[in-house]
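The following questions and answers concern the protein shown below.

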Amino acid sequence: MSATTMAATALPLTSQPLPFPSLYGRAGFSGFPSPAQDYEPRTLDLNERLIKHPTHTFYLTATGDSMEGWGIFEGDLLVVDRSIPPRLGHILVAMVDEEVLIKRYALYQGTPHLCSAHPHYPPLPLEETNCQLWGVVRAVVHEYLP
């Protein structure tokens, strides 16, 4: 096979046990700690992982297609933090002329704008616009299955 052509073979999917160590702990150890302690069961708390400022955080469901190029799709759950000062490049939730928008804060032709990732939505200038910042998007939760 040459370096310019590649072939992939699809393997049939089967249900097999995962190659992970047992998730059961034992009691009564003495001596040095086991190197396997790193594999002890841990819980995954999405609140702990995604919410850094609980009293300043809220959730919002995305609608529309203007941010698909930046990985935000219709129905995605956004974790929005009101305590983060907005910086260029952040994705913001803002109310502009009584419409809630999700846009990237960027410079466009040297002035601050709210920009989408879709070419059909032009950048919105922030100068002389009634814009109220609601918060900075900290995380996006995108479900693959309904």
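pLDDT is the predictor's confidence in each residue, from 0 to 100. This is a predicted model, in which local features need pLDDT of at least 70 and side-chain atom pairs count only at pLDDT 80 or more, while totals for chains, interfaces and linings use all residues. Residues are numbered from 1 along each chain as its sequence is written, and side-chain values use heavy atoms, with hydrogens and water left out.

Q: What is the mean pLDDT of the protein?
A: Of the residues, 73% reach a pLDDT of 70 or more. Over residues 1–16 pLDDT stays under 50. Where pLDDT is low, the predicted coordinates should not be read in detail. For the protein, the mean pLDDT is 82.

Q: Which pattern does the protein follow along the sequence?
A: Helices (H or I, at least four residues) and strands (E, at least two) are DSSP runs, numbered from the N terminus. Read along the sequence, the pattern is α-β-β-β-β-β-β-β.

Q: Which strands stand at the edges of the sheet?
A: Two strands pair if DSSP finds at least two bridges between them. The open sheet of seven strands pairs in the antiparallel sense, in the order E1-E2-E7-E3-E4-E5-E6. Each edge strand has a single partner, so one of its sides is left without a neighbour in the sheet; these strands are E1 and E6 (124–125).

Q: Which strand gives the most to the lining of the largest pocket?
A: A pocket is an open set of points on a 1 Å grid over the protein atoms alone, where a 1.4 Å probe fits, with protein on both sides within 12 Å along at least five of seven lines; lining residues have an atom within 4 Å of a point. Of the 17 lining residues, the closest to the centre are Thr63, Ser66, Leu101, Ile102 and Lys103. Strands E1 (57–61) and E4 (99–108) each supply at least two residues of the lining. With five residues, the strand that gives the most is E4.

Q: Is glycine 75 buried, partly exposed or exposed?
A: Glycine 75 is found in the loop between E1 and strand E2 (77–81). Buried means under 20% relative accessible area, exposed over 50%, and partly exposed in between (1.4 Å probe, protein chains only). With a relative accessible area of 49%, glycine 75 is partly exposed.

Note on methods
Contact = heavy atoms within 4.5 Å.
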